[in-house]
Amino acid sequence: MPRETGTEALAHLAEERVDHRFKGLPPDAEGLTVAELAAQRRNLFTGGFSTPVLALSAERLEHNLALMEAYAERHGLAFAPHGKTSMAPRLFQRQIEHGAWGITLAVPHQVWVARAFGVERIFLANELVDPAALRRVAAELAADPAFRLVCYVDSVRGVELMDAALRGAVRPVDVVVELAAGEGARTGVRTEAECAAVADAVAAVPTLRLVGVAGYEGEVPRADTARVTAYLRRLTALAADFDKSGRFAGVDEIVVSAGGSAWFDAVAEVFAEIPELSAPVLKLLRSGAYVSHDDGHYRRLTPFTRVPQEGALEPAFRLWAQVVSRPSSEQAFVNAGKRDAAHDLDLPEAQVVRRDGVERPADGITVTGLSDQHAWLRTTGEADLEVGDWVGFGLSHPCTSFDKWQLIPLAEADGTVVDYIRTFF
């Protein structure tokens with residue numbers, strides 16, 4: 001049976017039935033398709049949704065998509081947002097509609113998800129040496145002439161393993177040499193001399209094609225503007241040196257890629273300095289957390305705090321939970337915990353309280369800890385909180401917020417749910 005197209009696969013998401021797999025949705029919606037439920041335009045607060053429920057702001061999502069599209073265009077950058085943040089094909093589609101070159105991913109499973117939903121350009125920001133995964137990549141490349149995948153290499157041994165797995169492949173796999181962000185950083189080649197050795201190993205095998213260099217400035221030890229900029233200049237100098245030595249002979253474009261969600265302003269500045277090379281340069285930015293932004297980690301780290309004239313991202317997630325216990329005037333518990341809220345970087349932040357349709361600031365309410373299914377709240381005298389109240393929480397680190405929810409309501413500012421975002425982790 002022929003594989004369905006990406007458009008067909010995306011359409012089929014709307015045909016999925018609502019059932020026990022999906023948290024927070026109205027119990028009386030069971031058996032409806034996602035499209036049927038979306039068409040009802042239920043209200044998040046009065047339409048039968050049960051707590052805890054995570055919602056994504058429709059307006060803020062659109063703002064963030066448009067802002068990063070404009071930022072990349074203004075700075076002459078191609079954009080391959082990191083899909084591991086959301087693992088949501090509908091959001092991949094929205095990102096591509098907003099000008100993305102393709103989608104960045106990290107592991108083979110994520111590649112298969114993106115391919116199932118028609119993504120034609122994938123930047124795999126990781127080394128790949130698993131033979132089964134490499135054989136599937138080769139099959140995907142053979143079956144679809146429009147498909148392009150670029151992945152990291154950082155060792156001669158890795159090149160040897162890739163070559164062994166790809167023998168007989170119809171098309172070579174495009175690779176970039178990953179330059180480590182410094183001693184003690186994560187993956188990547190530590191020195192320029194070792195980078196050259198890896199590049200020469202790639203040139204010696206027919207199954208791989210060297211197309212550029214890449215790295216992740218977020219791993220720079222004791223990162224600050226000076227250290228990050230110095231690392232990025234090492235990366236661009238490596239591209240120029242490789243080009244000067246003829247290592248990119250025959251390629252249509254040279255890939256130079258970096259850019260997480262904390263330093264893309266430095267990436268834009270340094271990539272603007274790349275000299276003219278023997279082929280056009282694809283200056284590929286990979287920031288991913290922008291799609292929903294957050295109320296913690298990335299709110300503090302976003303480069304837009306350094307360049308406010310460029311705009312500002314808006315946190316698009318809110319987790320709603322209900323007060324189920326108020327044992328004392330200093331303590332309360334809501335029915336959302338570690339299973340529902342990201343907590344690897346910061347605890348959730350109580351932002352608003354809803355009672356009888358009225359929303360007010362969550363004054364005097366602080367999250368002090370999480371159990372599996374409860375958040376511990378410390379309350380002061382100014383906290384007006386009763387059993388049954390809904391509390392809206394801001395979250396930190398979108399990458400570990402999306403992965404706790406398989407179907408996320410997309411809600412407008414008045415609470416009208418207009419769509420549902422399916423994730424695949």
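In the predicted model, the loop between β16 (390-394) and β17 (407-411) contains H397. The backbone of H397 has a positive phi of about 70°, although this residue is not a glycine. H397 is buried, its relative accessible area being 14%, which is under the 20% limit used for that class. A positive phi also occurs at R222, again not a glycine, with a value of about 50°. R222 is placed in the loop between β7 and α9 (225-244). In contrast to the buried H397, R222 is exposed, with a relative accessible area of 63%. A further backbone feature is the cis peptide bond from T51 to P52, for which omega is near -5°. P52 belongs to the loop between α2 (34-39) and β1 (53-57).

The secondary structure of the protein chain consists of 11 helices and 18 strands. The radius of gyration is 23 Å, close to the 22 Å given by the globule rule for 425 residues, so the chain is as compact as a globular protein of that length. Along the principal axes, the C-alpha atoms fill a box of roughly 70 × 55 × 35 Å. Of the 425 residues, 56% are buried. Among contacts between residues at least 6 apart in sequence, 69% join residues at least 24 apart.

An open sheet is formed by 8 strands with parallel pairing, in the order β2-β9-β8-β7-β6-β5-β4-β3. Its edges are β2 (78-79) and β3 (103-105); each has a single partner strand, so one side of each is left without a neighbour in the sheet. Within the sheet, strand β5 (residues 148-153) runs parallel to strand β6 (residues 173-178), and 4 bridges join the two. In this pairing, V153 stands opposite V177 of β6. Strand β6 also pairs with β7 in the parallel sense, over 6 bridges, and here V176 is opposite G212 of β7. Strand β7 (residues 208-214) is largely enclosed by the rest of the structure, because 6 of its 7 residues are buried. In a regular strand, side chains alternate between the two faces of the sheet.

The accessible surface of the protein chain amounts to about 17,500 Å², and carbon and sulfur atoms account for 51% of it. The chain carries 43 positive and 59 negative side chains. The centres of these two sets of charges lie 3 Å apart.

Key:
Residues are numbered from 1 along each chain as its sequence is written. This is a predicted model: local features need pLDDT of at least 70, side-chain atom pairs count only at pLDDT 80 or more; totals for chains, interfaces and linings use all residues. Side-chain values use heavy atoms; hydrogens and water are left out. Two strands pair if DSSP finds at least two bridges between them. The radius of gyration is taken over C-alpha atoms; the globule rule is 2.2 Å times the number of residues to the power 0.38. Buried means under 20% relative accessible area, exposed over 50%, partly exposed in between (1.4 Å probe, protein chains only). Contact means heavy atoms within 4.5 Å. Accessible areas come from the Shrake-Rupley method with a 1.4 Å probe; for residues, only the protein chains shown count as cover. Lys and Arg count as positive and Asp and Glu as negative; His and the chain ends are not counted. The place of a charge is taken as NZ of Lys, CZ of Arg, CG of Asp or CD of Glu.
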